[in-house]
Amino acid sequence: MNDMRTMDNTVLNETKITARDVNVHYGTTHAIKGVDVDIADRTVTAFIGPSGCGKSTFLRCLNRMNDTIPGAVVTGEIKIDEADIYDSRVDPVQLRAKVGMVFQKPNPFPKSIYDNVAYGPKIHGLAKNKTELDEIVEKALRRGAIWDEVKDRLHAPGTGLSGGQQQRLCIARAVATEPEILLMDEPCSALDPIATAQVEELIDELRQNFSVVIVTHSMQQAARVSQRTAFFHLGNLVEYGETGKIFTNPEDSRTESYISGRIG
Amino acid sequence: MTDIPQSGATPVEPPAPKGDSLLVTDARTKRRNRAERRFKAYGIAALGVGMAFLVALLWAILSNGLTAFTQSYVQLDVPLLEEKLDKDGDRDPAKIAKVSTFGYAPLIEAGLVDLVEKTGVETELEPKALTKILSSSAAAQLRDRVLANPELIGQTVSVELLASSRVDGYLKGRVSRASLARDKNLDAEHLDLIDAWRDAGLVEKRFNWDFITGADASDSRPEQAGIGVAMLGSLFMMLVVLILSLPIGVAASIYLEEFAPQNRLTDIIEVNISNLAAVPSIVFGILGLAVFIQFMHLPQSAPLVGGLVLTLMTLPTIIISTRASLKSVPPSIRNAALGVGASKMQAVTHHVLPLAMPGILTGTILGLAQALGETAPLLLIGMVGYIATNYPDGVAEGFLAPNSAMPAQIYEWAKRADPAFYERAWGGIIVLLVFLLAMNLIAVLLRRRFERRW
Amino acid sequence: MTPSWIALIVLAIAAAGFVLARARAQAAARREARRLHSLPNYYGWTAAIYAAGPALLLLAIWLVAQPIATRSLTWPVLAAEAGENAVPSLMMADVQRLASGLDAAVATGRLTAEEARALPPEELRAAMAAQGVALGSEVTPATRDAALRWRRLSGTGDLLRGIVVIGLALAGAAWGVSRAKPDFRARNAVEQAMRGVLVSAALLAILTTVGIVLALIFNTIEFFRLYPAAEFFFGTTWSPSFGGGSELGILPLLWGTLYISIIALLVAVPIGLFAAIYLAEYAHRNVRSWAKPMLEMLAGIPTIVYGLFALLTVGPLLVEAFGRGGYLGLGWMQGGTAVMTAGLVMGIMLIPFVSSLSDDIINAVPQSLRDGSLGLGATRSETIRQVVLPAALPGIVGAVLLAASRAIGETMIVVLGAGAAARLSMNPFDAMTTVTAKIVSQLTGDADFSSPEALVAFALGMTLFVITLALNVVALWIVRRYREQYE
């Protein structure tokens with residue numbers, strides 16, 4: 001299945017995100033060093049690399065979540081659809097509505113399932129009335145592949161779901177605001193294998209509507225879900241290309257060492 | 001997914017708006033950002049109001065209280081006539097001591113009349129009325145001086161006598177000529193004299209050691225009241241609190257943190273301690289009154305009893321902070337000690353306790369500071385201001401003789417009718433706050449000096 | 001023998017026991033060529049603890065119990081003379097003063113022991129005055145008899161005390177020394193004793209609560225014997241008069257307490273909560289590091305300072321604004337002391353209390369929830385209002401309840417700032433009074449403790465204790481459950 005996907009890879013898809021010479025400093029730490037990358041639309045792009053290599057930091061640059069961390073300084077250029085997201089005219093709030101994010105640990109709000117999903121549409125004013133909101137919530141839950149499991153208890157607390165369900169709820173919550181890009185920061189690391197499989201399947205479906213960027217520490221997962229893979233090491237983007245190629249025939253020796261388990 | 005109309009047959013969404021949409025902030029986002037700024041402004045305003053209250057409080061204290069640390073004195077030449085003070089002329093101390101303060105009052109009067117003439121101020125005041133310039137304790141001050149040194153009799157001595165509180169208030173700007181209109185204690189004409197004497201350097205303000213070291217004075221002599229005796233009362237109380245609450249608090253904390261089994265009794269003790277920490281202090285006063293005074297018949301108004309009550313009141317606080325510092329010692333230390341064959345008790349006393357000691361001391365000092373400022377329970381066991389008039393003789397007396405404490409003394413002054421006492425109350429607060437500040441500073445330094453990161 | 005001498009002798013015996021037991025253990029070990037079970041010092045400590053522990057404990061109990069016993073044994077002598085409205089405590093105080101005066105007179109040699117016993121009542125007052133002991137009234141024969149009986153009883157008691165306590169110490173030391181043999185587990189015995197000390201220290205917390213409850217209950221029952229409970233709980237007039245005919249209804253006091261607390265919370269909760277939100281969510285680390293301690297300084301200031309601030313600063317300021325002839329021209333306020341004065345100042349006092357509790361609670365909300373909300377494109381304030389605060393709500397409710405309990409139990413601010421008149425009024429600029437203020441005023445007067453006017457303070461204290469305890473229990477329970485949720 002993976003082979004099939006890499007075969008008909010979406011080379012035709014146009015570029016969604018362009019990053020040029022991105023550097024990130026945390027205080028005195030130089031976390032990201034001159035990263036250039038183009039991320040394609042309607043594609044799953046995986047960032048892999050050993051812990052602390054900067055892959056999560058780079059991911060958080062893409063929706064300016066680094067702004068919320070005191071002391072983080074981002075330089076360089078990141079363009080989404082030709083607009084520089086670090087331009088002073090860009091409102092990060094508006095940006096984040098367009099670039100949704102799913103986190104490592106499922107983090108449903110201590111509210112009902114319905115309110116969790118309705119939260120984004122409400123703050124962005126996407127629904128004119130209750131009926132519309134209901135529709136948005138249902139659609140998001142269906143896209144999150146969790147509708148059938150929760151449709152009878154929409155007003156039960158979201159924290160009462162199982163780990164895998166919670167993570168799919170969080171994905172549904174993120175898609176409810178109709179983003180164009182979905183960032184996923186190790187979305188399966190806190191899940192058991194069965195829940196992981198469900199979420200991976202969901203990611204594959206999401207590819208049809210969104211540009212998905214996923215950070216993962218599991219190479220198998222990157223191979224399973226992504227079409228393109230970027231390998232980060234010590235803050236550098238070492239290699240970037242078709243997933244199949246990275247895993248079978250990497251150009252850089254560091255990539256090869258990591259893939260074969262010699263560093264990491 | 002297919003039953004959602006928008007997505008319909010094609011899984012592909014309508015193309016996203018391209019280009020500069022991100023660069024234009026839409027109206028809704030603008031509105032939301034305004035709400036954001038408003039919300040943040042509320043936060044800053046709240047913090048600002050809190051700070052403003054702090055500043056207002058400190059300003060009120062300093063502006064009203066600092067004047068208590070200076071006091072006005074009148075320089076006077078008093079003829080110590082032999083025929084009045086020592087008729088037989090044999091300087092027998094026993095006989096001199098028989099002359100009461102009434103015997104000295106005419107001498108002071110004479111001194112005042114003399115001073116009026118010498119400075120050449122016209123006044124219609126009777127000699128008797130002149131004495132209103134001086135504190136009513138002036139005669140007693142003079143008498144004490146003569147008793148200490150009988151050789152002065154027969155001479156004209158130059159003495160410095162306390163001015164009355166009205167004169168003092170006038171020199172400090174608290175009392176104005178207008179406010180004297182309804183005051184029978186002093187007339188405007190007195191002030192003319194004071195003005196002249198001040199220019200001549202015969203009336204002056206000096207630093208008021210007597211306020212810091214002195215005893216409380218009666219309602220009619222605010223100029224003489226000091227906080228020294230109450231300070232001693234507080235000191236003896238704090239000694240009791242320290243001696244009792246440190247060992248008991250540490251023992252209870254060690255038991256609960258290191259030895260207590262997980263059972264109902266432990267639960268009850270823990271719930272009890274956290275509830276006791278929130279019981280109003282006045283309830284501890286009732287406890288002290290009923291148990292220590294009514295039941296055990298310990299002496300009323302004694303610092304010992306005050307200390308006992310405050311100990312019970314501060315113990316929960318000390319136990320809570322001590323447990324926190326015991327908890328911060330990592331289990332690896334205990335395991336290391338147990339691993340080389342120490343008993344549990346040895347592990348705790350030899351290793352955990354010394355490591356936790358700085359934290360325990362910090363908590364204890366802060367507990368003491370809290371106890372030092374406490375007033376309400378003391379009022380119920382009779383430690384009220386007006387009894388702080390004599391120094392205790394000796395340490396045992398210090399614990400057992402009736403005394404007051406600084407906050408109770410301040411309360412007493414605040415209650416008195418004469419506004420001259422308010423200055424004393426504010427001044428007392430400055431003294432109290434200096435102690436509290438010092439204690440907190442020691443606690444902070446201790447924490448900084450010994451802070452460990454595991 | 002004075003108690004301090006007895007204590008010193010006991011300690012000396014303990015020290016001797018220490019030395020003997022340690023030497024004995026070491027000698028035995030050498031003789032039998034065996035290793036001691038514990039370090040030699042532990043054998044010494046065993047003996048010292050056996051000697052001093054029980055003896056000192058007994059001494060302490062004796063010191064408290066003997067006066068109580070003597071008093072009840074002496075009272076029958078006076079009882080015959082005591083009339084209807086006699087105050088036992090005052091009469092006994094006279095007896096005690098006379099007895100200790102006689103003791104002092106004998107000790108200084110002013111009187112011989114014989115004279116002290118034989119002096120007729122009418123000469124006693126003069127004799128005591130010579131000794132520097134002032135007696136309130138002429139000594140009646142019954143008082144003299146009682147004082148003599150008191151001296152006899154306490155003399156016997158003191159003697160007995162010395163013998164029994166020192167005997168117990170000797171027996172303990174002997175037993176400790178006799179057990180000092182190599183196979184005796186001395187360390188375990190010492191540690192057992194230490195553990196006992198630790199447990200009793202922890203039990204003191206329970207003892208304190210029991211003491212509070214008993215002190216309140218007994219006196220409250222006594223009060224309800226003299227004054228009907230229904231009138232106390234439902235009476236709307238509070239006018240104590242020591243001559244009798246007092247009306248002691250708690251409702252006006254409860255109303256004053258409640259009114260002041262509500263105003264205080266209206267000041268403290270919004271300011272404290274918003275300050276906490278700003279410090280936890282917005283403030284730069286540097287701002288936080290000085291603003292938080294500054295705000296907490298308000299909490300370290302003693303309440304007497306706030307009381308004075310209310311009485312002398314805030315009260316007059318409010319009168320200038322709202323009083324008759326004030327610049328707002330409203331004339332709502334008669335004097336500086338009022339519900340508003342006390343409420344405002346108490347609110348200032350509670351700001352840091354609310355803010356630091358809320359700060360802790362807001363910080364306990366996991367960062368992942370904030371990230372989740374910000375990642376969806378919410379602004380910070382939306383995140384706070386719609387995610388953080390709802391998540392923190394139980395904890396904040398707990399904090400507000402704790403603050404309310406503080407406000408209800410606060411004494412000095414209301415004593416100085418609220419006024420002394422008990423009234424049921426809606427005007428916040430009226431002077432009113434509270435439960436705590438009346439506890440102080442009823443117990444600090446010259447009232448006799450057995451009159452309903454003084455005893456009512458215990459009933460007020462009981463009410464106060466029950467209300468604050470209930471608030472605390474609920475609040476602590478909520479906060480604890482909240483913490484567990486995120487741990």
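Visitor: How far is the sulfur of A:C53 from the closest cysteine sulfur, and in which residue does that sulfur lie?
Guide: This is a predicted model, and a disulfide in it would need two cysteine sulfur atoms within 2.5 Å. The closest cysteine sulfur to that of A:C53 is too far for a bond, since the distance is 13 Å and the partner lies in A:C61.

Visitor: How many disulfides are there over all chains?
Guide: A:C61 is in no disulfide, the sulfur of A:C53 being the nearest one to its own at 13 Å. Applied over all chains, the 2.5 Å cut-off gives a count of 0 disulfides.

Visitor: Is A:C61 buried or exposed?
Guide: Buried means a relative accessible area under 20%, and A:C53, with 1%, falls in that class. A:C61 has a relative accessible area of 0%, and is therefore buried.

Visitor: What is the area buried between chain C and chain B?
Guide: The contact draws 79 residues from chain C and 73 residues from chain B. Carbon and sulfur atoms give 80% of the buried area, which comes to about 6700 Å².

Visitor: Which side chains meet in a salt bridge between chain C and chain B?
Guide: Between these two chains there are 10 residue pairs in polar contact, counting pairs with both residues at pLDDT 80 or more, and the salt bridge count is 1. With a distance of 2.8 Å from N to O, the side chains that meet in the salt bridge are those of B:R32 and C:E382.

Visitor: Which helix gives the most to the side of chain C that touches chain B?
Guide: By class, that side of chain C has 55 nonpolar, 17 polar and 7 charged residues. The element that gives the most to it, with 19 residues, is helix α7 (residues 186–226) of chain C.

Methods. Residues numbered from 1 in each chain as written. Chains lettered and ligands numbered in written order. Predicted model: local features only at pLDDT ≥ 70, side-chain atom pairs only at ≥ 80, totals over all residues. Heavy atoms only, no water. Buried < 20%, exposed > 50% of the residue type's maximum accessible area, 1.4 Å probe, protein only. Contact = heavy atoms within 4.5 Å. Buried area = accessible area lost by both parts, 1.4 Å probe. Salt bridge = Lys/Arg side-chain N within 4 Å of Asp/Glu carboxyl O. Polar contact = N/O pair within 3.5 Å; in protein donor to acceptor, adjacent residues only side chain to side chain. Helix = DSSP H or I, 4+ residues; strand = E, 2+ residues; numbered from the N terminus. Nonpolar A, V, L, I, M, F, W, Y, C, P; charged D, E, K, R; others polar.
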